[in-house]
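Me: I would like to go through this predicted model by question and answer. Please show the sequence and structure before we start.

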Amino acid sequence: MRLLAATLASLSLLGASLAHANQAQGTTGENLSLTSGDIGRVSPALEKYASGTIQEDLWKRPGLTPRDRSIVTVATLIARNQAVELPRHIALALENGVKPAEISEIITHLAFYSGWANAMSAVAVTKEVFVQRGIGADQLPAASPQLLPLNETAEAQRAMGVQQNFGQVAPGVVQYTTDILFKDLWLRPDLAPRDRSLVTVSSLIASGQVGQIPYHLNRAMDNGLTKEQASEILTHLAFYAGWPNVFSALPVAKSVFEGRPS
Amino acid sequence: MRLLAATLASLSLLGASLAHANQAQGTTGENLSLTSGDIGRVSPALEKYASGTIQEDLWKRPGLTPRDRSIVTVATLIARNQAVELPRHIALALENGVKPAEISEIITHLAFYSGWANAMSAVAVTKEVFVQRGIGADQLPAASPQLLPLNETAEAQRAMGVQQNFGQVAPGVVQYTTDILFKDLWLRPDLAPRDRSLVTVSSLIASGQVGQIPYHLNRAMDNGLTKEQASEILTHLAFYAGWPNVFSALPVAKSVFEGRPS
Amino acid sequence: MRLLAATLASLSLLGASLAHANQAQGTTGENLSLTSGDIGRVSPALEKYASGTIQEDLWKRPGLTPRDRSIVTVATLIARNQAVELPRHIALALENGVKPAEISEIITHLAFYSGWANAMSAVAVTKEVFVQRGIGADQLPAASPQLLPLNETAEAQRAMGVQQNFGQVAPGVVQYTTDILFKDLWLRPDLAPRDRSLVTVSSLIASGQVGQIPYHLNRAMDNGLTKEQASEILTHLAFYAGWPNVFSALPVAKSVFEGRPS
């Protein structure tokens, strides 16, 4: 009987926490957020790890700047569709020096690398943060800006490889990959190629896309990401994407590192 | 300090966008939805891709009918548990010719191929769409309808393979796979086997289940899906499930295509 | 035109079901939940599977106790970030004999094995369940309790292997893995190592982390999980994490079973 209740009725899509949220929202008109004390009411240990290990240790490690850590974290949350954590981390990213135009481009980039719906969830959240901070259209990238120059040789090589492998399998994918991704998205100027790679690699690791890491980690390092920074992305993501995703990425990263001229 | 706030308190499970939603809902009594202008307030580029590339190009490509594209999209959203995008796409699916009974069966099918909780989220959303459109019990499939005839030979071969491989590992899985999936779910008459395969293959690609694609893509083509349609599913999913999932599926699809008699 | 509406505006992050929830909450002040009848309004078949196959058959199979099944189910929902199903299943877990301190530790454990954001979503939900049931700080594990004794030999061997493989790739990951996971988290006394393994293995299978299953399934069996129980976890997860995740785990489980002394 209790099983019937639990199994059949377990979709409280908007259950306890929502009811609570509505009350909170109704009373204060402010966003609900989980305080340190709230965490402690379920797990004093998590409260300790949060304020100690993550805040005082992880985010202060020298391998990545706070700005880079914010980009990695925001990309991870969007890639994993955890929009509920986004408002605070987008606010933190702005404080850590990520520009509104860069946040806009991160979301645009992940529409293609994480799926359209993930970007839409991020848009809904970010729209509010931008309104609250008075960030308007003048701070956003143009829909069709002057693109960065294309590295014709590298792009021709990439396109040829994909065409040879998959031109007969899915010509539509091959065409869009060239036209929309590599001759358009990657050349948009408001997010530097190195940062675009940072977003891409973070999202791949964070969503378990191991097979796509080699190409993009190499591209990231071609775009200026150092081995030390790549290594530290893995450390940061252990906390934000979970240990298993990082341990699945480690052998791939090792292979990429070893395959590059030192 | 700001890190403490950001890290500890970042769970605004019902944060900015919810507060906004409550206001919107409270004022109008209508569903909140993201307009084209909302997208533009975060990313004019995404607005351009949405109205241009996706609406005017992707959905009009000849490889798949709008009805098929709706089935692929709805299956993808359920498989990725992005129920928030479902209301509009279930409405669009109905307009594109997917019957209410077929939507019911898509959700039922994905309870097993994407996990029970994904189906429950989809039920919560779809229930509202059905109420709004006056879709009642008379348009839904029976709980226990007359099943389609079983292909005894193919099923015996499938069951034997699974039993030999995994009968000693997880006899419960093997038994339920036969009894609930292949002698029941797949034979339910209100979703054609070819469409059931379309749902299954889409959900596998969309959730990165690469290892399960070969069996089900072959089964889909046995059920009438053409190579051109399978190819176009990959193109459609590049946008809705993200490029990495599709690039991980491409070599598998290539191998399946090459392994079939032409 | 309808496509524009559907594609652009499909982010009803707080759409139909939320509007409904607000009404329900406003009227009754109680949590919304999906009843058996609600499921039947979309899929009479799902209603039948829920009350028959899942409730009357799966949960009553002898291979795992109801307490173990609750631990597996809760771990699965957290690992897949399906917090919306959590309230009922945390309540059921308490009724099935999982202690509040154990639920606290399950969430803490999964902060590291599923990612921090997953744990935060679970905290938000569980906090409410604990409040409703009067579960206070006296029933929670200490932040820094007396740890269980370390198996020095096994830990030295594990640490050496990871250091040799990945010490040059990501020294930060290697260090945190030792300090935070194996010399701290795994030794926390309020969740038995065997149950901690049950949580870990369930979350790995449920999130498709196939590569990490061998180490942790072996560890689980070293910690007392029997082959029959491991087998039954796979059967239970077929329903809660979907067939494809389980079929991807089956060959790995088979290999682990065969590699152990009988």
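Me: What share of the residues of chain A is buried?
Reply: In this predicted model, a residue counts as buried when its relative accessible area is under 20%. Chain A has 262 residues, and the share of them that counts as buried is 64%.

Me: How many helices and how many strands does chain A have?
Reply: Read from the N terminus on, the elements of chain A run α-α-α-α-α-α-α-α-α-α-α-α-α-α. The secondary structure of chain A has zero strands, and its helices come to 14.

Me: Why does the end-to-end distance of helix 8 of chain B agree with its number of residues?
Reply: Helix 8 of chain B takes in residues 116-132, which is 17 residues. At 1.5 Å a residue they should span 24 Å, so the length agrees with the distance between the end C-alpha atoms, 25 Å.

Me: How many residues of helix 8 of chain B are buried, and which residue with positive phi follows the helix?
Reply: Helix 8 of chain B is mostly covered, with 15 of its 17 residues buried. The residue that follows helix 8 of chain B has a positive phi, near 65°, and is Gly134(B).

Terms used: Residues are numbered from 1 along each chain as its sequence is written. Chains are lettered from A and ligands numbered from 1 in the order in which they are written. This is a predicted model: local features need pLDDT of at least 70, side-chain atom pairs count only at pLDDT 80 or more; totals for chains, interfaces and linings use all residues. Side-chain values use heavy atoms; hydrogens and water are left out. Helices (H or I, at least four residues) and strands (E, at least two) are DSSP runs, numbered from the N terminus. Buried means under 20% relative accessible area, exposed over 50%, partly exposed in between (1.4 Å probe, protein chains only). The expected span of a helix is 1.5 Å times one less than its number of residues.
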